[in-house]
Amino acid sequence: VGLEVVQDQAEALDLYRRAMDGGVSVAHFHVQWLTKLGSLDRRELADDLVTISLYHQGAEQGHVAAQYSLARMYEIGRGAAKDKDQAIKWYSMASAQGHEGAKERMEFLQKHLD
């Protein structure tokens, strides 16, 4: 955000990478988002297989936004085959942490299982 400091996405990315290397789960998620926003030249991080892997890491460590994003990827079939059961699983976890969008998607999928 750059509150009381000059906003520097490259520096933010470097700090998130260091945190990621140190095992901070939320850092995986932020590295991915900074990458998706185009602030990094490492195109391999924008790949859907890498994206889903990063979301898995954050989701397994309890990061609610990563859980929601992972569920969405399973729901639409990006980075993995469509899997409504996996989508519901991760939406359920995010919903349990108060994510309203996850609750809505989970309920929708439960009603419309193939």
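Helices here are DSSP runs of H or I with at least four residues, numbered from the N terminus. This is a predicted model, where local features need pLDDT of at least 70 and side-chain atom pairs count only at pLDDT 80 or more, while totals for chains, interfaces and linings use all residues. Residues are numbered from 1 along each chain as its sequence is written, and side-chain values use heavy atoms, with hydrogens and water left out.

Start with helix H1, residues 9-21, which holds both Asp14 and Arg18, 4 residues apart, or about one turn of the helix. Their side chains form a salt bridge at 2.6 Å, N to O; the term means a side-chain nitrogen of Lys or Arg within 4 Å of a carboxyl oxygen of Asp or Glu. The structure has 3 salt bridges.

Which residues are linked in a network of salt bridges? They are Arg72, Glu75 and Arg105. Arg72 and Glu75 meet at 3.3 Å, N to O, and Glu75 meets Arg105 at 2.1 Å, N to O. Glu75 is buried at 11% relative accessibility, where buried means under 20% relative accessible area, exposed over 50%, and partly exposed in between, with a 1.4 Å probe and protein chains only. Arg105 is partly exposed at 23%.

Now the rings. A search of the whole structure finds 1 aromatic pair. Tyr68 and Tyr91 sit 5.5 Å apart, centre to centre, tilted with 55° between the planes. Pairing requires ring centres of Phe, Tyr or Trp (its six-membered ring) within 6.5 Å; planes under 30 degrees apart are stacked, over 60 edge-to-face, and the rest tilted.

How values were computed:
Helix = DSSP H or I, 4+ residues; strand = E, 2+ residues; numbered from the N terminus.
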